[in-house]
Amino acid sequence: MRQLFHEIRNGITLVTRHFVQIITIMLLMGLVCFSIGMNLSTVTDKAIALKQSQELRAHDPVYFSAYYDNSVPKTQDQSAIHILSTELAKGSAVSYVNTNIELSNKDFANRHHVLIVMGKKTNLAVFGIPNPQSTKPRAYLGADLPEKSIDLPIAGYHLTASQHLPSHASFFSPHGFGESLAHHVVIVLPPSALSRMDEQEKTRALFNTIFLMKEPSHISDDDLSLFLHSCYSWGMSLVPQNLSVSLPEQFRKVVALTISYVVPSLALLILVFFLFFSLGKTLVREELTELRIRYFFGATLGSLSIRVITFLLLSLVVPAVLPSALLAYQAQQQFAIPGIIILTFTLVVFLVCTLTTMRTIKRSIS
Amino acid sequence: MHRKLTASLSAFIFSLILAFLAFSVSQAVTDIHNQSLGIRGEYTRLSIPQMDNPSLERKQQQEKALIALQQYLAQEKIIFISATAEGEGSPSIITYDPQSTTWAQKVKPSQTYAIEGSYSQQLWEKKQKNPYLPPSISTINGVITPDASLQGEPYQFIHGLDGKLPPVGQAVISTQDPEKIQHIQELLTQATLHPQPLPRMTWKNVLIMHKEIDFTLLASLLSIVVCVMALNGVLEELIPEFVIHTYSGGTAFSIACKYSRHQFPAVIISCGAGTAFFLLINCVLQFAHINQFLLGLLLLSGLVSSIIVELMLFLIVFSQLHVAFAATRNK
């Protein structure tokens, strides 16, 4: 036992001799973990959105990007609302309202995020809701909401949300990313409720419309033109965009923005392992004479290896675990993936390097 | 074998990081190029925020001031291009080109053109009414292809500068003369718009706006540090062999030269491989549009990285030999 402590103490002395290299390894591990963690999440979010919307994109969806013009006098022609509610009832459109809900009632839904979905095909954009094809008015609570039930007076209905959604329930928006519904209150309304909503909710519903052009009963060109003219009278210029074209393009842009961080970080990680490998070599070269003498005086190979392993452990595993654990503690979700990447790589490199070092020592001693 | 591998590995990684530096620089250059919205030569950018619904009286005043602006631009031969930011105003671009040197030379004041490939073009071809035009504009004169920086955006039509549509968003004027800019700003202020000149692109601004350049630069500097540390450890092993060469009259300089020359093919091949690996990643993920400029930068980065790695090898061997000589002399 005393010998073991002696060996470990000697290993720590070796660490202090190569302090600069070990601090460099630690700092670089931290930098790599940080830069990957900051950037990978935007790419994975887009990739999840791309995967979520696969079924929706098969329906040739058209969504709108909006320009709000304050200089146009607003007349609020209701024909856009009529067109939207007929299309929703036919099942060739999906619409949702995720902001500006019941602005007059500040305590609506206990101030949780609310999502209103409408249309027969809501299963394309909202995932995890029980029987999504039905347009019966109803409401659900997100998986992480503490309330047992919430009363929701909206658009002439008095709904009570008491059923919790499964935790994988999520929602796809062409204007944002795929979003989890764990902290949302979800309300399903029939298309006819659209005309009873207030002005802000109607504006959001018009803006968030997705028309499905692959459906046999899809919106006619004349109706689409009328819809856009009517939206112009609400002070919005809605420009149709093809989701099947624009979403992969958005993904490409996100990748172009983040790849300059992710790939150089991974390259730096490989260089760090290279530095570690060279550190192991230096150690064997410097310590070989001493190890050989001790071997001649009866030390076993096992007891000699303890010192080397202590050194390698302190010079790679600790500098890798410390910064990634610190970052993961600060912001759990963001740095979990890069932490796992770094730790698995570290373990593999540590094992390989230890084995090769031990082999070199064994060969040169005997 | 593995001694050659160490130099090649560091060359490969280093050239890969430099290739990403080249990519981020090329992206920044494209961004700066796109800011001019197609105006060649010197230009100034103005940001014009959207104003609230003007009264009828204000509207007449605005129309008057904008026509005065157009006359002033015609007199001084200044090109004016403005594009709305997403979410404000109408999906339009407003241009006036008295010099007839840009893509917008076809658009005369009060004329309106649909943008190639937009929904408005489809409507115009089917002779349907356009839902984006304000009531004061009734006809579309034709179709136009805008500058590359304005393509792929949801813009619908281009309007020649007159009083009917106020320029909102970002405007570019083809002058840097402070007096002329001042006069244009005054005219826009009379038109109840409040323009703010945007800062000119300096190196500092570029580095602040494009953080990926900062990061890749930092990564390449750090990788030099790590490479030097690692190669130092690996090459130390070779020193006893090198010292033998001194018995046949080799100096530290000649030995280091010989070693780096010996490593040269491996280094340049791995630098080429690093740059090729960048192109391979691009083939899979399709993130960069390969153009001549980017290819030139990549070639340059490959060459620079091989030179730096060679220099590192030379300096490490040279300094270690000096240390070894000093040690033997002391003995």
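How many residue pairs in polar contact, both at pLDDT 80 or more, does the rule find across the interface of chain B and chain A? In this predicted model, the count is eight. The legends below start with that interface.

**View 1. The interface of chain B and chain A.** In the contact between the two chains, 61 residues of chain B meet 46 residues of chain A. Together the chains bury about 4,600 Å², and carbon and sulfur atoms account for 67% of this area. On the chain B side, B:Phe215, B:Val226 and B:Met229 contribute 14% of the area buried against chain A, more than any other three residues. The rule also finds three salt bridges across the interface of chain B and chain A. A:Lys281 forms a salt bridge with B:Glu237, where the closest N and O atoms are 3.5 Å apart.

**View 2. The side of chain B that touches chain A.** Helix H1 (2-35), helix H6 (211-235) and helix H8 (252-285) of chain B are the elements that each give two or more residues to this side. H6(B) gives the most, with 15 residues. Sorted by class, the side of chain B that touches chain A holds 32 nonpolar, 19 polar and 10 charged residues.

**View 3. Strand E1 of chain A and its partners.** Strand E1 (residues 61-68) is largely enclosed by the rest of the structure, because seven of its eight residues are buried. E1(A) runs antiparallel to strand E13 (residues 236-242) of chain A, and seven bridges join the two. Within this pairing, A:Phe64 has A:Pro240 of E13(A) as its bridge partner. E1(A) also pairs in the antiparallel sense with strand E12 (residues 210-212) of chain A, over two bridges. Here A:Pro61 is bridged to A:Leu212 of E12(A).

**View 4. Salt bridges around A:Glu287.** A search of the whole structure finds 10 salt bridges over all chains. One of them joins A:Arg17 to A:Glu287, with the closest N and O atoms 3.5 Å apart. This pair links distant parts of the chain, since A:Arg17 is in helix H1 (residues 2-17) and A:Glu287 in helix H7 (residues 243-296) of chain A, 270 residues apart. A:Arg17 has a relative accessible area of 52% and is therefore exposed, whereas A:Glu287, at 6%, is buried. A:Glu287 forms a salt bridge with A:Arg307 as well, the closest N and O atoms being 3.4 Å apart. A:Arg307 belongs to helix H8 (residues 301-330) of chain A and is 20 residues from A:Glu287 of H7. With a relative accessible area of 4%, A:Arg307 is buried.

**View 5. A salt bridge within chain B.** B:Lys180 forms a salt bridge with B:Glu76, and the closest N and O atoms are 3.6 Å apart. B:Lys180 lies in helix H4 (residues 178-190) and B:Glu76 in helix H2 (residues 56-76) of chain B, so the pair ties together parts that are 104 residues apart in sequence. Both residues count as partly exposed: B:Lys180 has 23% relative accessibility, and B:Glu76 has 28%.

**View 6. A:Leu27 and A:Ala320.** A:Leu27 is found in helix H2 (residues 19-52) of chain A. Its relative accessibility is 59%, so A:Leu27 counts as exposed. A:Leu27 and A:Ala320 are 293 residues apart along the chain, while their C-alpha atoms are separated by 9.1 Å.

Conventions: Residues numbered from 1 in each chain as written. Chains lettered and ligands numbered in written order. Predicted model: local features only at pLDDT ≥ 70, side-chain atom pairs only at ≥ 80, totals over all residues. Heavy atoms only, no water. Buried < 20%, exposed > 50% of the residue type's maximum accessible area, 1.4 Å probe, protein only. Helix = DSSP H or I, 4+ residues; strand = E, 2+ residues; numbered from the N terminus. Pairing = 2+ DSSP bridges. Contact = heavy atoms within 4.5 Å. Buried area = accessible area lost by both parts, 1.4 Å probe. Salt bridge = Lys/Arg side-chain N within 4 Å of Asp/Glu carboxyl O. Polar contact = N/O pair within 3.5 Å; in protein donor to acceptor, adjacent residues only side chain to side chain. Nonpolar A, V, L, I, M, F, W, Y, C, P; charged D, E, K, R; others polar.
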